[in-house]
Amino acid sequence: MIRTFVLLFAAVTWLAGAGQARAQGFFGFDMRDIMGGGPSLSVGSSGPITRSTVSFASNYAPGTIYINTAERRLYLVLANGQALRYGIGVGRDGFRWGGTHRISAKKEWPSWTPPSQMLARRPDLPRHMAGGIDNPLGARAMYLGSTLYRIHGSNEPETIGQAVSSGCFRMTNEDVTDLYSRVPIGTTVIVKN
């Protein structure tokens with residue numbers, strides 16, 4: 001009985017350490033804090049929002065991306081008054097914005113170089129991270145015009161549906177991969193703040 005308890009305790013301790021190691025990332029800083037998530041977010045505090053096809057009455061052409069930051073949803077306009085609706089993480093207070101842009105570039109497993117504005121706020125961040133599973137941009141990124149902003153993946157699904165970023169729009173890696181496969185460079189992106 002004692003041996004079983006000791007093994008169970010060791011397994012729980014190991015799993016807790018593995019979860020913390022994932023959150024801390026390769027460079028030792030909390031990956032949830034890179035773009036605003038922060039250590040105050042508990043892992044698993046909210047799950048991803050299910051992608052679904054919904055009614056969507058608008059004058060936007062099919063293929064347009066419409067982002068509603070108040071709803072924390074991204075819509076890919078389809079034909080016949082429908083859209084694919086995705087859950088997103090949006091900019092925290094002071095980092096939300098609105099406007100119309102086009103997707104100017106698309107990258108799979110993008111590398112990440114924090115902009116100078118972010119480095120000024122967070123000098124502890126790495127100056128560059130190669131693409132991969134620990135990269136805060138996740139599996140795919142779609143760059144919005146000449147802005148610093150992107151629609152990108154995230155390895156932190158608990159941040160979807162929250163206002164946590166520095167202005168980018170986060171999606172689960174599964175959702176961003178789906179959206180990435182559906183839209184070309186040049187796609188219009190309308191952001192309603």
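Me: How many helices and how many strands are there in the chain?
Reply: The model is a predicted one. From the N terminus on, the elements run α-β-β-β-β-β-β-α-β-β-β-β-α-β. The chain has three helices and 11 strands.

Me: What percentage of the residues of the chain count as buried?
Reply: A residue is buried when its relative accessible area is under 20%. The chain has 193 residues, and the share of them that counts as buried is 45%.

Me: Among contacts between residues at least 6 apart in sequence, what percentage join residues at least 24 apart?
Reply: A contact here means heavy atoms within 4.5 Å. With contacts taken between residues at least 6 apart in sequence, the share that joins residues at least 24 apart is 64%.

Me: Do β2 and β11 run parallel or antiparallel?
Reply: Strand β11 covers residues 188-192, and four of its five residues are buried. Tyrosine 66 has isoleucine 190 in β11 as its bridge partner. Four bridges join β2 to β11, and the two strands run parallel.

Me: Which residue in β11 is the bridge partner of arginine 102?
Reply: Strand β6 is also joined to β11 by four bridges, and these two strands run antiparallel. In β11, the partner of arginine 102 is threonine 188.

Me: Why is the pair of tryptophan 97 and tyrosine 149 stacked?
Reply: The ring centres are 4.9 Å apart, and rings pair if their centres lie within 6.5 Å. Planes under 30 degrees apart count as stacked. The pair is therefore stacked because its planes are at 15°.

Me: How many residues apart are tryptophan 97 and tyrosine 149?
Reply: Tryptophan 97 is in the loop between β5 (90-91) and β6 (99-108). Tyrosine 149 is in the loop between β7 (140-144) and β8 (150-154). The pair links distant parts of the chain, and its members are 52 residues apart.

Me: Is tyrosine 149 buried, partly exposed or exposed?
Reply: Tryptophan 97 has a relative accessible area of 12% and is buried. For tyrosine 149 the value is 23%, and buried requires under 20%. Tyrosine 149 is partly exposed.

Me: Which residues form one aromatic cluster?
Reply: Tyr66 and Tyr75 belong to the cluster.

Me: How far apart in space are glutamate 71 and glycine 161?
Reply: In sequence, glutamate 71 and glycine 161 are 90 residues apart. From C-alpha to C-alpha, their distance in space is 8.3 Å.

Me: At what distance from the ring centre of tyrosine 180 does lysine 106 lie?
Reply: Lysine 107 lies over the face of tyrosine 143, at 5.4 Å from the ring centre. Lysine 106 lies over the face of tyrosine 180, and its distance from the ring centre is 4.3 Å.

Notes. Residues numbered from 1 in each chain as written. Predicted model: local features only at pLDDT ≥ 70, side-chain atom pairs only at ≥ 80, totals over all residues. Heavy atoms only, no water. Phe/Tyr/Trp six-rings, centres within 6.5 Å; stacked < 30°, edge-to-face > 60°. Buried < 20%, exposed > 50% of the residue type's maximum accessible area, 1.4 Å probe, protein only. Lys NZ or Arg CZ within 6 Å of the ring centre and 35° of its normal. Pairing = 2+ DSSP bridges.
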